[in-house]
Amino acid sequence: MTSMSFTTISPRLSTTWVQPPNYWYRCTVASPHPVLWSPHMGPACTALANMAHKPDPPDVESDTSHTTSIAQRMNLKLVFRALRRMSLWSLEFYSDVHVAGQEHVPKVGPLIVTPCHHNEIIDIATLSVTMPHRRPVCFWAKASMFSNPVAGWVLTSSGAIPVRRNPNNVASDTTGSNGPGQSDEKANEVRMSLFRGTFEALDSGEVIGLFPEGTSYTEPQIAQIKDGASWAALEYSRWQLQHSTVNKDDLYLVPVGIVYTDKARYQSRVSVRFGEPINVSSFTRRYMSASDDDRSRAVIKDVTTELQQNLLKLTINAPDWDTWFAGSIARDIAWKGSENVPTGDWVCISQKFMDLFTEQPETSKGSSTTSACKKTLVDYCGLLHHTSISHDALVNVYPSSRLPSALTASITLVGHLLTLMLHPRFWLFIPPFLMHIPAYIVGPLVARRLMKPGEQETIAELTVVPSGIAYGLTSYIVSAKFASMLFSGQIATMWPGMPHMLIKAGQWFVETIPSMHGLRRVLGTVTIMYWTTWVVFKWHSLLVKGNHTQLQRVLVSWKVLLGVLSSPARDIPSDELELYTRPPLPAVNKYIKRRNPIADFESGARVGAKIKSPGSSRLIRHLFTARRAAESVVRALRQ
């Protein structure tokens, strides 16, 4: 195994508090080379991990002389503010949102942010909420949608920018032009048709969010970067030099890595990292002096290449799915569960494990060793999937990989069940849980009904949006009833201990001036509805993580007990086990242009590859055997 050995690197971690829009996030500022192995692996690592210091707050460059345009000041973007508040609530689907790299985002001036796009509208919500300095983010929308006055106002107030054609598609058009290059008059007409709204927004110092991948997908790596963002940036820089009289600030492209520990899993985590900005002005002169289409396209490709390199640094990338599965499960084993990996170091640590299993040109012996290790780890990963058990929950319930006896499994189940039900957190969680029951039911049902098989990038949005609507309706009914009872005095009768101030407030809304009676009742009802919704929502968010984690442990204990009690004759035979030793691959996105032979092969393997799980009890013994083998591989790699 010498060909896969490596040196443990010490972490230097410190924490700081930053305040993105409307929320506090705990941000971990880590060294560029975080530790690869968990501090749980030995006392030396633990001692090194405790070497912490507090860094100075990052310096953010800003141009205080920049003057905001009248149009920008007049546009309050009320719809965007409301959507950002809703986006903030939607991110409660995840337990932690870590934000880093705020120093790379200027406070003012034209800016294009280019995030990766692997989770549909949840990516838009995440970017809008975590954008530093509370800067609103504008997105492209079809120009035809602005024709209706009401829809046009809503879109404009939300920050949408009209475009007649998708520049990503035009920039990669096979007819041969990236925009520049027919006649000058025709080229100018094309540019203004595409980018008029974009130019005006950037000239007003706005932030525009563009997804350079062109589509949302689930792959083990950044599959493609299109030229639309680069082309738009260069065209604006050209237009700015020739026409702009308002804004002479340089335009920057800021890549953003939005990485989820498990984007489809409730109460997983999110890492948002803003990368180093690309100053477009360094490419503008070359672009403007290009004498033909080929040279213009070459400059656009240079910007796109630099953007792609920066995005690769901000995300986790593996050459194929087997490498992704092996690296992920090796990381979880090494760190005694993925929850022990700091969110701020998630990308760096995960990428190191992906690199560990990425086959490089080497001897045939080293290559066969790598393949054998990957196969063992992928087997364990597949069995975890088909038993619907996470390694985190399994290692917390059963720290040893030895199969427990029936007595041990029974005692473990009772212990975890009592821990769940006797903890004060459980009883405090009941009131907000009851109010969220419709959301827990509606969200998963809608997602299961509408999601196309294997489309992991749509699971979160199809769960969050219906759940939010269900909770909103439930909250409306409950809070409206509460307000009615408060105003009528029923609350004071039913609950003598109701605070005197609250009773007085209810009486004030229904007494005194008769002409104000209706208005006061409406205002009072709306106020009570808002605060009831907010308090119950925050109450739920505060307690859900601990209860959800403990519930997962109870479920794992139950599955293991059933597996231990079942007869070995019911276990899946060894010759059929291969069907369940590999996780199913996500669906193929038809909008991705594939150039990787391995990816092409995997794409073909995904068609009709759905396998029905046989039941966890028939796989439990195999699961513990595979876990033992996987842990042996990780221990060998660490030596």
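Angles under 35 degrees count as roughly parallel, over 145 as roughly antiparallel, 65 to 115 as roughly perpendicular and the rest as oblique. The model is predicted, with local features requiring pLDDT of at least 70 and side-chain atom pairs pLDDT 80 or more, while totals for chains, interfaces and linings use all residues. Residues are numbered from 1 along each chain as its sequence is written, and side-chain values use heavy atoms, without hydrogens and water.

Helix 9 (residues 281-288) and helix 10 (residues 293-314) have axes that cross at roughly 165° and come within 8 Å. The two helices, helix 9 and helix 10, are therefore roughly antiparallel. Contact (heavy atoms within 4.5 Å) involves F283, R286 and Y287 of helix 9, and S296, V299, I300, D302, V303 and E306 of helix 10.

## Helix 16

Buried residues (under 20% relative accessible area, with exposed over 50% and partly exposed in between, 1.4 Å probe, protein chains only) in helix 16 include F429, M435, H436 and A447.

## Positive phi angles

E120, in helix 4 (residues 120-130), is not a glycine, yet has a positive phi of about 50°. At 23% relative accessibility, E120 counts as partly exposed.

S388 occupies the loop between helix 13 (364-387) and helix 14 (391-397). Its phi is positive, near 55°; at 57% relative accessibility, S388 counts as exposed.

Key
Helices (H or I, at least four residues) and strands (E, at least two) are DSSP runs, numbered from the N terminus. Axes are lines fitted to C-alpha atoms, for helices over the stretch in contact, and angles run from 0 to 180 degrees between N-to-C directions.
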